[in-house]
Amino acid sequence: MSIDYSEKIPNNVNLSNDRTLQRALEHWQPHFLDWWREMGPHDFASADVYLRTATGVDAQGWATYGAVKMPDYRWGIFLADAIPERKIGFGDSFGEPVWQQVPGEFRSQFRRLIVTQGDTEPASVEQQHLLGHTCPSLYDLRNLFQVNVEEGRHLWAMVYLLHAHFGRDGREEAEELLARHSGDTDKPRILGTFNEPISDWLSFFCFTYFTDRDGKFQLKSLAESSFDPLARTCRFMLTEEAHHMFVGETGISRVVQRTCEAMRAAGISDPADVARVRALGVVDLPTLQKKLNLHYTLSLDLFGSEVSTNAANAFNAGIKGRYHETQIKDDHRLQNDTYPVLKLVNGEIRRVDEPALTALNMRLRDDYTQDCVKGLLRWNKIISTAGYDFKLTLPNVAFHRQIGEFRDIHATPDGVLIDDATWNRRRSEWLPSADDGDFIASLMTPVTETGRYAPWISPPKVGIDNKPGDFEYVKIET
Ligand SMILES: [Fe+2]
Ligand SMILES: [Fe+2]
């Protein structure tokens with residue numbers, strides 16, 4: 001179904017057929033725009049940004065690019081096309097027709113899930129509020145803004161569901177989504193990870209690689225939901241999310257590429273010679289490893305406890321399925337199945353078989369980790385091709401955790417349990433220290449001439465929408 005842009009709120013849900021809903025959303029719209037102006041990208045409101053806007057929810061609809069001033073971006077409500085005769089794919093109601101309305105008994109569970117997902121979307125825009133000021137190029141600045149406007153649209157996606165299906169409660173939740181703010185002492189965002197500012201571009205690339213990927217896995221499991229409007233909303237969000245992870249993966253690739261080139265040009269044979277590498281004005285690989293350690297583990301925490309009756313209930317109820325649920329060959333009920341979970345047993349990390357239903361968070365997290373590994377392989381290829389013997393790795397899941405089995409212990413990135421004193425003494429070997437942060441911050445000087453890049457990052461291999469290298473992705477002076 002094509003998207004109607006003549007409406008105040010672009011949509012493909014026939015909004016004009018439901019005057020009450022349309023009026024309620026048109027009432028929320030100026031509140032959203034106020035939020036964007038205050039909490040969205042600082043400055044740049046008058047800049048022309050080369051953005052893509054969805055004109056349809058099929059592959060063709062994505063081919064639409066043009067110069068837009070961000071406050072004029074057409075945020076709207078887009079659902080992927082309905083799958084005819086779609087049936088519930090898992091849980092107690094397996095095989096029955098999907099729901100077009102939320103069943104009363106699951107209302108509060110759905111509401112909590114939608115609000116929690118919705119809260120992360122504006123949170124990330126807030127976290128990146130000041131990042132535009134230190135962009136390494138106009139290409140990167142444009143990508144940041146593309147991610148930001150789409151996270152804003154993801155908020156619209158969740159607010160639509162709240163307004164359309166949760167009545168007065170839903171409308172109140174929609175207002176609250178604009179009232180909580182990342183890092184606010186009185187009204188913080190719901191999940192801890194989303195209350196930390198993203199103040200440098202290395203963090204931004206790690207965030208889009210690891211944290212947006214957590215988003216992908218949450219959306220993938222909600223795209224299996226029996227509540228069809230939620231499933232269709234998430235399916236379309238996933239097509240937008242793919243670009244965010246592309247920004248992260250290629251961003252880190254370009255950092256690694258540049259560092260290797262600079263080390264070779266300077267005749268440095270040991271990538272661990274941090275002082276010499278830093279003197280070249282590029283990100284040394286050991287510091288990059290620490291950033292990966294941090295952002296990966298913060299993102300693991302977003303999957304919740306490894307063993308969780310909430311997760312089992314959500315599956316049984318048909319609320320949230322597994323990654324690629326419909327492609328899995330089993331009974332989709334899991335009543336008698338087990339799944340191996342890493343647990344702390346008598347002071348050791350052990351694999352223990354748990355009922356598959358309560359281990360669903362662990363399973364989704366394992367799927368996530370496998371997906372994360374792909375980028376590591378690409379980055380390590382760049383390093384080995386440059387002739388260096390250095391491997392970036394993902395730390396053990398017991399390392400640096402605040403949630404789940406390992407939250408009360410300390411472990412090294414290799415998964416060796418250590419005491420508090422050792423942790424305190426060695427933590428800066430594994431996680432970014434204040435010094436590391438200062439060094440990264442020292443690299444963050446803005447580059448805004450067309451076709452130029454900060455000295456710590458390589459140009460991209462191809463431009464956005466196949467634009468040439470000197471394309472002016474953001475026209476700052478207008
Ligand atoms: Fe998002
Ligand atoms: Fe995203």
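Which residues in α2 meet which residues in α4? The views below take that up, then turn to a metal site. This is a predicted model, where local features need pLDDT of at least 70, side-chain atom pairs count only at pLDDT 80 or more, and totals for chains, interfaces and linings use all residues. Residues are numbered from 1 along each chain, ligands are numbered from 1 in the order written, and side-chain values use heavy atoms, leaving out hydrogens and water.

**View 1. Where α2 meets α4.**
From α2, Arg107, Arg111, Val115, Gly118, Asp119 and Pro122 meet Gly167, Asp169, Glu173 and Leu177 of α4 (contact means heavy atoms within 4.5 Å). Sorted by class, that's 3 nonpolar, 2 polar and 5 charged residues (Ala, Val, Leu, Ile, Met, Phe, Trp, Tyr, Cys and Pro count as nonpolar, Asp, Glu, Lys and Arg as charged, the others, Gly among them, as polar).

**View 2. How α2 and α4 cross.**
The axes of α2 (residues 107-127) and α4 (residues 167-179) come within 10 Å and cross at roughly 20 degrees. Helices here are DSSP runs (H or I, at least four residues), and axes are lines fitted to C-alpha atoms over the stretch in contact, with angles from 0 to 180 degrees between N-to-C directions. So the two helices, α2 and α4, are roughly parallel (angles under 35 degrees).

**View 3. The iron ion (ligand 2) and its donors.**
Glu151 (OE), Asp212 (OD), Glu241 (OE) and His244 (ND1) coordinate the iron ion (ligand 2) at 1.8 to 2.2 Å (donors are N, O and S atoms within 2.8 Å of the metal, or 3.2 Å for Na, K and Ca). Along the chain, their spacing reads E-x60-D-x28-E-x2-H.

**View 4. Glu151 and two iron ions.**
Glu151 coordinates both the iron ion (ligand 2) and the iron ion (ligand 1), which sit 3.5 Å apart. Glu151 belongs to helix α3 (residues 138-165) and Glu241 to helix α6 (residues 228-265), so this pair ties together parts 90 residues apart in sequence.

Definitions and conventions
Angles under 35 degrees count as roughly parallel, over 145 as roughly antiparallel, 65 to 115 as roughly perpendicular and the rest as oblique.
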